[in-house]
Amino acid sequence: MISKEDLVGTWELESWTVGYSDRDEFSYPYGEEPRGLLVYANDGWMSASIARNDRAGLPTDISYRKIPDALKAEAFSSYFHYAGRFQVHGGDVVHYVTQSLNPDFPGTEQLRHAELDGQTLVLSGKDQVGEVVRFHSLVWHRTTPTPEPTEDRPPLDA
């Protein structure tokens, strides 16, 4: 079984696939090569962000406040984020969402089954939309720790 200590650290996303109860196909919510970062802290907080690898930038020649809402909505639909507390229960981790880009997420509990194989973490969950059950699988890899500063390599914040 997975423990809190197993999760603590920083993870980079490799893939997110969704299967469906009513068909054999899979989908990729943020493309086949998404980018993402998942952080579990020792103090029981977590943060997850996922984005399409091919996100288009916003115009830089006008003020952000003057960018048309449709263009901003398109940009924000290519990014996903939530954060909050987390707890491990047996083979599952529960994310207690307190902040999110999606205004419907705060106050929810996101249950994920967790499987750890070396430096690879697979989080899976399911939800239902109408009559269709969706099965999510997210594959994360632990990031390589930052080397300790040496005489030749000062700390990153120097």
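Which residue lies over the face of Y20? That's R23, at 3.9 Å from the ring centre. A charge is taken to sit over a ring if NZ of Lys or CZ of Arg is within 6 Å of the ring centre and within 35 degrees of the ring normal. K72 does this with Y64, at 4.5 Å from the ring centre.

Before going on, a word on the source. This is a predicted model, with residues numbered from 1 along each chain as its sequence is written, and local features need pLDDT of at least 70, while side-chain atom pairs count only at pLDDT 80 or more. Totals for chains, interfaces and linings use all residues, and side-chain values use heavy atoms, with hydrogens and water left out.

Now for the rings. Searching the whole structure turns up six aromatic pairs. Rings of Phe, Tyr and Trp (its six-membered ring) pair if their centres lie within 6.5 Å; planes under 30 degrees apart are stacked, over 60 edge-to-face, and the rest tilted. Take F80 and Y82: their ring centres are 5.8 Å apart and the planes sit at 85 degrees, so this pair is edge-to-face. Y82 also pairs with F105, this time tilted, with 5.6 Å centre to centre and 45 degrees between the planes. Y82 is in strand β5 (residues 79–89), while F105 is in the loop between β6 (92–100) and β7 (109–117), so the pair ties together parts that are 23 residues apart in sequence. Strands here are DSSP runs of E, at least two residues, numbered from the N terminus.

F80 has 16% relative accessibility, so it counts as buried; Y82, at 4%, counts as buried, and so does F105, at 17%. Together with W16 and Y30, F80, Y82 and F105 form one aromatic cluster.

β6 and β7 pair in the antiparallel sense over five bridges, where pairing takes at least two DSSP bridges between two strands. The hairpin of β7 and β8 has two residues between the strands, and in it G118 takes a positive phi near 65 degrees.

Technical notes:
Buried means under 20% relative accessible area, exposed over 50%, partly exposed in between (1.4 Å probe, protein chains only). Helices (H or I, at least four residues) and strands (E, at least two) are DSSP runs, numbered from the N terminus.
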